[in-house]
Amino acid sequence: MLSNDKSTQVTADSAALIASLSRVLAEWTAPEFLTAVAAREGVALDPGAITMITMLSHNGPLRPSHLATSMVTGASNISKIVGRLSSAGLVERVADPADARAQRVQLSAAGHKVAAALVRAGNGLVDQLLDGWPEPDRAEFTRLLAKFEKSTIVLSARLGNKP
């Protein structure tokens, strides 16, 4: 009887966790939310552009095909986003040192400034969301979320290696 109660509780906890994560992801990835958070720091870009700048800031120059895969979109959409960001002076195309026939997209100096503004916007968002939380709760949440992130990355790599 105890093992069945424990199993039911684990299932309920898992369902609650998935529901909460789904709601957070839905809010954080909603175009209106993303652009509103960026606007707090004076960044007026569409969600695709914000995502691309963030990716380039974290990873450095990337091939458009890598951007398309990571952003779960097609080459045509990546080309449009790169075109808009290039016209705004935020990214530039450069030769890929590993293959002179290929190009990579990288942030310009202005793009790095926008990326820094996005980091400030994100930090402000987190500060606002955790406002009123006692410091031990903030630290524990950060620790547990990092642990959950690591488990996710390990599982993702394992799943990606399956045929």
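# A guided look at a predicted model

Visitor: Which helices each supply at least two residues of the nonpolar patch?

Guide: Helix 1 (2-29) and helix 7 (135-160) each do so, where helices (H or I, at least four residues) and strands (E, at least two) are DSSP runs numbered from the N terminus. The model is a predicted one, in which local features need pLDDT of at least 70 and side-chain atom pairs count only at pLDDT 80 or more, while totals for chains, interfaces and linings use all residues. Residues are numbered from 1 along each chain as its sequence is written, and side-chain values use heavy atoms, with hydrogens and water left out.

Visitor: What makes up the nonpolar surface patch, and what is its area?

Guide: L17, L21, W133, F141, L145 and F148 make a patch of about 520 Å², and helix 7 contributes the largest share of it, 3 residues. A patch takes residues with over 30% relative accessible area and no salt bridge, like charges being joined within 9 Å and nonpolar side chains (Val, Leu, Ile, Met, Phe, Trp, Tyr) within 5 Å. The areas come from the Shrake-Rupley method with a 1.4 Å probe, and for residues only the protein chains shown count as cover.

Visitor: Why is W133 called partly exposed?

Guide: Buried means under 20% relative accessible area, exposed means over 50%, and partly exposed covers what is in between. W133, which is placed in the loop between helix 6 and helix 7, has a relative accessible area of 35%, and therefore counts as partly exposed. F141 has 39%, so F141 is partly exposed as well.

Visitor: How do you know that the rings of W133 and F141 are edge-to-face?

Guide: A pair of aromatic rings is described by the distance of the centres and the angle of the planes. Rings of Phe, Tyr and Trp (its six-membered ring) pair if their centres lie within 6.5 Å, and planes under 30 degrees apart count as stacked, over 60 as edge-to-face and the rest as tilted. By this rule there are 2 aromatic pairs. In the pair of W133 and F141 the centres are 5.4 Å apart and the planes stand at 70°, so the arrangement is edge-to-face.

Visitor: Why does P136 count as exposed?

Guide: P136, found in helix 7, has a relative accessible area of 59%, and is therefore exposed.

Visitor: What makes S108 buried, and which residues does S108 touch?

Guide: S108 is found in the loop between strand 2 and helix 6, and its relative accessible area is 9%, so S108 is buried. Leaving out residues up to four places away in sequence, S108 touches G89, L90, V91 and E92, a contact being heavy atoms within 4.5 Å.

Visitor: What is meant by a nonpolar core, and how many residues has the largest one?

Guide: The term covers a set of buried Ala, Val, Leu, Ile, Met, Phe, Trp, Tyr and Cys residues joined through side-chain atoms within 4.5 Å. The largest such core has 25 residues, and L45, M52, I53, L56, L67 and L85 have the most contacts inside it. At least two residues each come from helix 3 (47-59), helix 4 (64-70), helix 5 (75-87), strand 2 (99-107) and helix 6 (109-129), and helix 3 gives the most, with 6 residues. Apart from neighbours within four places in sequence, M52 is in contact with L67, M71, I78, I81, V82 and L85.

Visitor: How do you know that E41 and R120 form a salt bridge?

Guide: A salt bridge is a side-chain nitrogen of Lys or Arg within 4 Å of a carboxyl oxygen of Asp or Glu, a rule that gives a count of 7 salt bridges. The side chains of E41 and R120 meet at 3.1 Å, N to O. This pair links distant parts of the chain, with E41 in the loop between helix 2 (31-39) and helix 3, and R120 in helix 6, 79 residues apart.

Visitor: Which residues are linked in a network of salt bridges?

Guide: R63, D96, D99 and R101 are. Between D99 and R63 the closest N and O atoms are 3.8 Å apart. D99 lies in strand 2 and R63 in the loop between helix 3 and helix 4, so the pair ties together parts that are 36 residues apart in sequence. The bridge of R101 and D99 has a distance of 3.0 Å, N to O.

Visitor: Are D99 and R101 buried or exposed?

Guide: At 19% relative accessibility D99 counts as buried, whereas R101, at 76%, counts as exposed.

Methods: Buried < 20%, exposed > 50% of the residue type's maximum accessible area, 1.4 Å probe, protein only.
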